[in-house]
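Subject: Structure handover

Hello,

Here is the structure for you to look through. My notes on it follow below.

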Amino acid sequence: MAEDKGKRDSIGMSMKGGRTNNGFVQNEDILEMGPDPGSPEDSPQHNAVDIFGPAEPDLKDVRPYAGMPKEVLFRFSGQARYRVPREILFWLTVASVLVLTGATIGIIAISPKCLDWWQAGPMYRIYPRSFKDSDKDGNGDLKGIQDKLDYITTLNIKTVWITSFYKSSLKDFRHGVEDFREIDPIFGTMKNFENLVAAIHDKGLKLIIDFIPNHTSDKHAWFQWSRNRTGKYTDYYIWHDCTRANGKTIPPNNWLSVYGNSSWHFDEVRNQCYFHQFMKEQPDLNFRNPDVQEEIKEIIQFWLSKGVDGFSFDAVQFLLEAKHLRDEAQVNKNQIPDTVTHYSELYHDFTTTQVGMHDIVRSFRQTMDQYSREPGRYRFMGTEAHGENIAKTMMYYGLPFIQEADFPFNSYLSKLDMPSGNSVFEVITSWMENMPEGKWPNWMTGGPDNDRLTSRLGKQYVNIMNMLVFTLPGTPITYYGEEIGMRNILATNLNETYDVDTLLSKSPMQWDNSSNAGFSEGNHTWLPTSSDYHTVNVDVQKTQPRSALKLYQELSLLHANELLLSRGWFCYLRNDNHSVVYTRELDGIDRVFLMVLNFGELSLLNLKEMISDIPTRVRIRLSTNSAYKGREVDTHAITLDKGEGLILEYNTRNLLHRQTAFQDRCFVSDRACYSSVLNILYSLC
């Protein structure tokens, strides 16, 4: 009996000790109530059954409590009052996810392509030898550009475009490159370039550089090896037998250099003539040689790996020449052939834009696309094809499914020398009407190979031309100094001997009224500064509320902040010998910008005759005369002085591009509409 009693006590203690609480206080009245001493639960038989398998608990009076075992939890979870809310929440979650996923897909599907960095803001073109001298040698350099990046950001510039800085023996450092992988010492070192790239990117800017693949310097290692017939370099250039008689060369044909006279030059080392489209110091590469194409590809990759965001490929129409070497036709068939020496006296059907040239340009694009796969690192490609007609220029955009250049640079405004409403209108419409659908335009008013705007058109046209390029659809491109109205220097006492005519628009940037216009602290500068630098400089114009610089900054800020200018329709209303009138508008925005630009003499315009539902009075958003900013004008009679321009703003729901009468006069690159409710752009208009 004593042994049986000991077993019962042991079993009882085990039962009690095996009950766990897990740190929570349970319902003492229900679960912690001890068994009565005389109850059947105290018997050995009951304890034995509990050890091997507890009986089904009675949960009738049990409420959920923290820390309940899963057996109890499962009992409650199956009850309707717990199960139904849980299922409702589950299916609501599933439905919400599906709706959000569908909405995201829908928004992506109807959204237009976002503007890329080369579309979103203006480009600023710098001739590095003339921008800022950092080492007092009288020559601008890469470190000088880096020192002035803060100024560039005040112009709301998105892209810095630097012209050729490669190692070169030519005085103006544009074309005759000795080594495509070296910085000319006058501009600094490769370390200076790498620091400049990093600084540009730190400012949130992008960098594109010039590249002239058509030719090299005659001092390039490739040419030296080619003239000596060294290995694969033997055919890196275009060589042909020519006749020498009495010290005079008789070329293979009548092809002419851009600078005049024969484009063939006899080389005494190789005893053959080599071909040069430009100067004799600039022999043309043979792009029919696959090894040459591979060399150029590797050079492009070299600079892209340095962090360059894009290229301007110059003189691309000269990449190939006809293999048959037949004479080109004379413009004047009656002219004596021996007197044909000027480039304009021939039709250049065999030396420009040959079959296969665009394939080479597309290969450049393919190389750059390999570096565009990283998000946010798209590599831009532009082409310069001087002298091409508008139809040939448009071919550089590529084909519908074969991309070439993002855009060919539009230099037609840079060549205007007789300003008028009709001439400006012709430049605008010729580009917009011929541009392939969905492509992006661009506009530049100057460049290193053109006279400056002030010298070409006159000082009174600086503001109106800047207003024009910032209010047209596309990317505005500014040549350094045009924002303050710099002019050409006079062609006297120039120390350079290369080509004086190309130097007049390359004078040092005018920063302030100190010695050398703040360009250099040295004793001399490579070119003289313009005589007007005491009044036409950055420091002076920063403090003048009506200066060209102030208006430029306001225009660039307006362009950056207004969808009407960056994404809107362009509709032209009128042009005559004096004025050009056009609008910018966007579906979903009940505002319109109306540009009225006068390039002729004093004019009186009645806008009511052009737009019947325009309000009688409209507000001036910006004016070339800052005193008028914010005022209202009567649309029945607007008087404009010579070179005066207005950006007018008014509200309307009746947009011009929807009206049948204006449909043939409205253009848009990438159609989009604005939703003010969702604050998004969408393409299903």
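All five of the five residues of strand S11 (residues 310–314) are buried, so S11 is largely enclosed by the rest of the structure. Buried means under 20% relative accessible area with a 1.4 Å probe, protein chains only; strands are DSSP runs of E with at least two residues, helices are runs of H or I with at least four, and both are numbered from the N terminus.

This is a predicted model, in which local features need pLDDT of at least 70, side-chain atom pairs count only at pLDDT 80 or more, and totals for chains, interfaces and linings use all residues. Residues are numbered from 1 along each chain as its sequence is written, and side-chain values use heavy atoms, with hydrogens and water left out.

In a regular strand the side chains alternate between the two faces of the sheet. On S11, Gly310, Ser312 and Asp314 are buried on one side, and Phe311 and Phe313 are buried on the other.

S11 pairs in the parallel sense with strand S5 (residues 206–211) over four bridges, where pairing takes at least two DSSP bridges. Ile208 stands opposite Gly310. S11 also runs parallel to strand S12 (residues 380–384), joined by five bridges, and Phe311 stands opposite Met381 there.

On aromatic rings, a search of the whole structure finds 48 pairs, counting Phe, Tyr and Trp (its six-membered ring) with centres within 6.5 Å; planes under 30 degrees apart are stacked, over 60 edge-to-face and the rest tilted. Phe223 and Trp239 have ring centres 5.6 Å apart and planes at 20 degrees, so this pair is stacked.

Regards

Conventions: Buried < 20%, exposed > 50% of the residue type's maximum accessible area, 1.4 Å probe, protein only.
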